[in-house]
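Please walk through this model with the sequence and the 3D view side by side.

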Amino acid sequence: MWLGNIIHEDREIEDERLELSGEEDQIVYLGPNLTLRRCTVIVRVPASRLSIRRPRLIDCTVEFKQELKNHRGWVSAALTGCRVKGRLLGTDFGPFPEYSTWGEHGHVSDCDFSEARLDLCRFHGCDMRTVRLPQWPCFTIVEPIGHGRELMSVKWPGTFCPVTLEGRYKEVPSTVAVSFYAPAEAKRSGTTEAELKAAVERFDFIVR
């Protein structure tokens with residue numbers, strides 16, 4: 001611990017269970033120069049108390065025990081052969097240099113997100129062919145920018161917009177996939193899960 005916070009850095013840990021938890025005024029740090037191999041990482045802190053700074057996780061299981069909301073620090077984490085579980089909202093993975101000086105260190109390969117609930121989550125700069133994604137009611141648009149014109153050439157239910165190609169909120173170039181949770185998206189967009197499912201089924205590059 002340092003100044004009341006919990007620091008995991010400058011070491012290599014193998015075959016252990018690591019609980020990321022603490023008191024309400026404590027921040028939990030992962031990295032830098034931390035390598036976890038074949039560990040089970042249990043996350044019990046909210047996004048506001050979790051700081052990710054260049055850790056390497058190899059063949060680990062990461063389980064979020066409470067919903068992680070709007071946390072992009074994971075773009076600095078290198079994940080290889082990992083399994084990710086739990087509810088994630090607005091969380092990004094993979095190298096995203098534009099986000100922060102730490103973002104260039106991100107990596108995702110051979111990872112399994114099939115037991116995660118991903119909503120408004122993005123993957124950057126990684127080969128999605130090596131990533132296992134959750135099935136419906138989650139759905140993931142692979143290469144949304146490359147397929148942008150095709151996506152925007154058809155009508156979508158409610159106010160749902162699969163990708164933004166222009167303007168202030170246009171998708172960043174590093175984005176290779178965007179995941180949604182249909183029940184939440186249906187509510188946001190003023191439509192139904194059934195209408196969303198019928199719409200995404202038109203495209204073979206949307207994983208569902």
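Buried means under 20% relative accessible area, exposed means over 50%, and partly exposed lies in between (1.4 Å probe, protein chains only). This is a predicted model: local features need pLDDT of at least 70, side-chain atom pairs count only at pLDDT 80 or more, and totals for chains, interfaces and linings use all residues. Residues are numbered from 1 along each chain as its sequence is written, and side-chain values use heavy atoms, with hydrogens and water left out.

Start with Lys-85. It has a relative accessible area of 21%, so it is partly exposed. Lys-85 sits in strand β12 (residues 83-89). Strands here are DSSP runs of E with at least two residues, helices are runs of H or I with at least four, and both are numbered from the N terminus. Which residues does Lys-85 contact, leaving aside its neighbours within four places in sequence? They are Thr-61, Val-62, Glu-63, Phe-64, Glu-115 and Ala-116. Contact means heavy atoms within 4.5 Å. Ile-42 is 43 residues from Lys-85 in sequence, and their C-alpha atoms are 9.7 Å apart.

Glu-115 is also the salt-bridge partner of Lys-85, at 3.9 Å from N to O. The pair links distant parts of the chain: Glu-115 is in strand β15 (residues 112-119), Lys-85 is in strand β12, and 30 residues separate them. A salt bridge is a side-chain nitrogen of Lys or Arg within 4 Å of a carboxyl oxygen of Asp or Glu. Side chains of opposite charge can pair when their charged atoms come close. Glu-115 is partly exposed, because its relative accessibility is 43%.

Now look at another pair. Arg-122 and Asp-92 meet through their side chains in a salt bridge of 2.9 Å, N to O. Arg-122 lies in strand β16 (residues 121-124) and Asp-92 in strand β13 (residues 92-93), so the pair ties together parts 30 residues apart in sequence. Are these two partners buried or exposed? Arg-122 is buried, with a relative accessible area of 13%. Asp-92 is buried too, at 0% relative accessibility. Salt bridges that share partners also join Arg-83, Lys-85, Asp-112, Glu-115 and Arg-132 into one network.

How many salt bridges does the structure hold? There are 17. One more to find is Arg-44 with Glu-19, where the closest N and O atoms are 2.8 Å apart. This pair links distant parts of the chain, 25 residues apart: Arg-44 is in the loop between β6 (40-43) and β7 (50-52), and Glu-19 is in strand β3 (residues 17-20). Arg-44 is partly exposed at 37%. Glu-19 is partly exposed at 32%.

Next, turn to helix α2. Its buried residues are Ala-182, Glu-185, Ala-186 and Ser-189. Seen down the axis of α2, they fall within an arc of 105°, so they line one face of the helix. The arc is that of the directions from the helix axis to the C-beta atoms. An α-helix has 3.6 residues a turn, so residues three or four places apart point the same way. Cover for the buried residues of α2 includes β17 (138-142), β18 (175-181) and α3 (193-200).

Helix α2 spans residues 182-189 and holds Glu-185. Glu-185 is buried, because its relative accessible area is 6%. Its side chain makes a polar contact of 2.6 Å with the side chain of Arg-188. A polar contact is a pair of N or O atoms within 3.5 Å; within protein, one must be able to donate a hydrogen and the other to accept it, and residues adjacent in sequence count only if both atoms are side-chain atoms. Not counting residues up to four places away in sequence, Glu-185 touches Leu-120, Phe-160, Phe-180 and Leu-196. Just after α2, Gly-190 has a positive phi of about 70°.

The backbone has other points to check. Most residues other than glycine have a negative phi, and most peptide bonds are trans. The bond from Gly-31 to Pro-32 is cis, with omega near 5°. Pro-32 lies in the loop between β4 (28-30) and β5 (34-37). Asn-33 is found in the loop between β4 and β5, and its phi is positive, near 60°.
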